[in-house]
Amino acid sequence: VQLGLALNMQRERHGLAPLAAKIIRPYASHGSPGLLKVGFGLSKEDASFGEMRAEYLALYDEVFLQNPQLFEGVSQVLETIEARDLKWGVVTNKPRRFTLPLMQALGLHQRAAAIVSADDCEHPKPHPASLLLASQLAGVIPEQSVYVGDAARDMDAARAAGMAAIVALYGYLDAQDKPEDWGAGAFIHNPLDLLALI
């Protein structure tokens, strides 16, 4: 929600009408490049991309902690994982300046065994470095771990790290995405489906 709010604030600044959430949602997992593409038709090669990205991130900085919410069912999944004495963590391509405050706002920062952001490693996903760092921080073996994501880069990173790869079909998938081609070991339609797989 906040990703789209920031994008529409930026569009308003540039004299453009807001986009519907259903138009923005499929681009959410593609980060600021995806959002600037749907919002302004920009690519990384455009001369104004850097300036527009900086403006977008500044706007997102203003709103990203407004009423953050987990997907329905995630709280129950985390409680069940913890009750089974298993560890969980977060690996994201978001910058740490957003990740940690968001995890704190959700009350999850002390429960997670690892929180790894894009700037914690030299290479973000699809490189496996961030997943391997999370394994190290959590004290778990990658080959005995599961990574859940909603993008091809998530599945590439999981396989490269030796982890089981699961696609969250309830995530921010684009209509053009083909998760069946991502080499995942399983698919879940809602967070609670994960409990049958771990």
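Predicted model: local features only at pLDDT ≥ 70, side-chain atom pairs only at ≥ 80, totals over all residues.
**Entry 1**

Numbering runs from 1 along each chain as its sequence is written, and side-chain values use heavy atoms, with hydrogens and water left out.

H1 covers residues 2-13 and H4 covers residues 49-63; helices here are DSSP runs (H or I, at least four residues), strands are E runs of at least two, and both are numbered from the N terminus. I looked up how they pack: the angle is about 125° and the axes are 9 Å apart. Axes are lines fitted to C-alpha atoms over the stretch in contact, and angles run from 0 to 180 degrees between N-to-C directions. That makes H1 oblique to H4 (under 35 degrees is roughly parallel, over 145 roughly antiparallel, 65 to 115 roughly perpendicular, the rest oblique).

Who touches whom? On the H1 side I found Leu 3, Leu 7 and Gln 10, among others, and on the H4 side Met 52, Tyr 56 and Leu 59 are among them. Contact means heavy atoms within 4.5 Å. The contact residues of H1 with H4 divide into 10 nonpolar, 2 polar and 3 charged. Nonpolar means Ala, Val, Leu, Ile, Met, Phe, Trp, Tyr, Cys and Pro; charged means Asp, Glu, Lys and Arg; the others, Gly among them, are polar.

**Entry 2: H1 against H3**

Next I checked H1 with H3, which pack at about 45° with axes 10 Å apart. H1 and H3 are therefore oblique to each other, and their crossing is right-handed. Leu 3, Leu 7, Gln 10 and Arg 11 of H1 meet Leu 35, Leu 36, Val 38, Gly 39 and Phe 40 of H3.

**Entry 3: a pocket**

I moved to the second largest pocket, which holds about 200 Å³ of space. Which helix gives the most to its lining? Helix H3 (residues 31-40) does, with 3 residues. A pocket is an open set of points on a 1 Å grid over the protein atoms alone, where a 1.4 Å probe fits, with protein on both sides within 12 Å along at least five of seven lines; lining residues have an atom within 4 Å of a point.

Most residues other than glycine have a negative phi, and most peptide bonds are trans. Asn 67 isn't a glycine, yet has a positive phi of about 55°. The Lys 125 to Pro 126 bond is cis, with omega near 20°.

Methods:
Points joined across faces, edges and corners; volume = space filled by probe spheres on them. Left-handed = near helix turned anticlockwise from the far one by under 90°.
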